[in-house]
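I am opening my notebook on this structure. I will write down what I looked up, entry by entry.

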Amino acid sequence: MSKPRLLVCTIVRNARPHLMEWWKLVLYLRRHLRDHYDIEVSVYENDSTDGSAQWAQENLGVIAADYQMSVIRGSETLGTTQYPSIWNADRLRNLANARQRCLDQAGDLSRFAKIVYVEVDVTYDPEWAAELILARHPAQAGIEPHIYSGWSLRTERHPKESTYLYDTCATRQ
């Protein structure tokens, strides 16, 4: 019997210093979830100027083959403005478009039992991220938001940490 599929989506822009740590998290999730899910990874990169696109092009296919994972990679130069983590309508539109492209390149989304976004520049507790993904219902993991992001993962598990988070506006209830 085949296992359900899990899609891990990641958008990348000027994140070269974070890519190896991100990949370690993806491998941790693969190791802890492979008995439950067939995992596919969709990485969408746009407008990077720091070598992120080159790293993805040179490494993702090789690493995916070594770990027997399906990795879909897309890259574009759109000429969009890169904003800091501020509440700005144009920034949110760019972010939403990038997330949508990450989904679109994965093809028929009905193939997936679950879809998760793993931000490349947010440090997650990998054990808890795996626990959250394995939960049959979000309430089993002790959180109630409809969208999980680095904000919900970090603040629920480590409420006293003053860690700077990239994208708090992705979480809503």
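What volume does the second largest cavity have? I looked it up and got about 30 Å³. The model is predicted, so I note that before anything else.

**Entry 1: cavities**

I searched the whole structure for cavities of 30 Å³ or more and found 2. I then listed the lining of the second largest cavity: V12, L19, W22, V43, S52, A56 and L60. Two elements give two or more residues to this lining, namely helix 1 (19–33) and helix 2 (52–66). Which one gives the largest share? Helix 2 does, with 3 residues. I also sorted the lining residues by type. I counted 6 nonpolar, 1 polar and no charged.

**Entry 2: the chain as a whole**

How many helices and strands does the protein chain have? I noted 5 helices and 4 strands. Reading along the sequence, I wrote the pattern as β-α-β-α-β-α-β-α-α. The protein chain has 173 residues, and 42% of them count as buried.

**Entry 3: the aromatic pair**

I searched the whole structure for aromatic pairs and found 1. W22 and W23 form this pair, and it is tilted. A pair of aromatic rings is described by the distance of the centres and the angle of the planes. For W22 and W23 I noted 5.5 Å centre to centre and 55° between the planes. Are W22 and W23 buried or exposed? Both W22 and W23 are buried.

**Entry 4: two positive phi values**

I checked N14. Its phi is near 50°, which is positive, and N14 is not a glycine. Where is N14? N14 sits in the loop between strand 1 (5–12) and helix 1. Its relative accessibility is 23%, so N14 counts as partly exposed.

D47 is not a glycine either, yet its phi is positive, about 60°. D47 belongs to the loop between strand 2 (38–46) and helix 2. Is D47 buried or exposed? D47 is buried, because its relative accessible area is 9% and the limit for buried is under 20%.

**Entry 5: helix 3**

Helix 3 covers residues 89–104, which makes 16 residues. What span should I expect for helix 3? At 1.5 Å a residue, helix 3 should span 22 Å. The end C-alpha atoms of helix 3 are 22 Å apart, so the two values agree.

I listed the buried residues of helix 3 as R91, N94, L95, A98, R99, C102 and L103. What do these buried residues pack against? They pack against strand 1, strand 2 and strand 4 (112–117).

**Entry 6: Y44**

Y44 lies in strand 2. Its relative accessible area is 2%, so Y44 is buried. I left aside its neighbours within four places in sequence and looked for contacts. Y44 is in contact with T10, I11, V12, G74, E76, L78, A98, R101, C102 and Q105. Two of these, A98 and C102, are on my list of buried residues in helix 3. I also compared positions in sequence and space. Y44 and L103 are 59 residues apart along the chain, and their C-alpha atoms are separated by 8.8 Å.

L7 lies in strand 1. Is L7 buried or exposed? L7 counts as buried, because its relative accessibility is 0%. Beyond its neighbours within four places in sequence, L7 is in contact with residues including E40, V41, S42, L103, A106, L109 and F112. L7 and F112 are 105 residues apart along the chain, with C-alpha atoms separated by 6.4 Å.

L109 is in the loop between helix 3 and strand 4. At 29% relative accessibility, L109 counts as partly exposed. What does L109 touch, leaving aside its neighbours within four places in sequence? L109 is in contact with L7, L103 and I115. L109 and L7 are 102 residues apart in sequence, but 8.6 Å apart in space, C-alpha to C-alpha.

Definitions and conventions. Residues numbered from 1 in each chain as written. Predicted model: local features only at pLDDT ≥ 70, side-chain atom pairs only at ≥ 80, totals over all residues. Heavy atoms only, no water. 1 Å grid on protein atoms, 1.4 Å probe; cavity = no way out; pocket = protein on both sides within 12 Å on 5 of 7 lines; lining within 4 Å. Points joined across faces, edges and corners; volume = space filled by probe spheres on them. Nonpolar A, V, L, I, M, F, W, Y, C, P; charged D, E, K, R; others polar. Buried < 20%, exposed > 50% of the residue type's maximum accessible area, 1.4 Å probe, protein only. Expected span 1.5 Å × (residues − 1). Contact = heavy atoms within 4.5 Å. Phe/Tyr/Trp six-rings, centres within 6.5 Å; stacked < 30°, edge-to-face > 60°.
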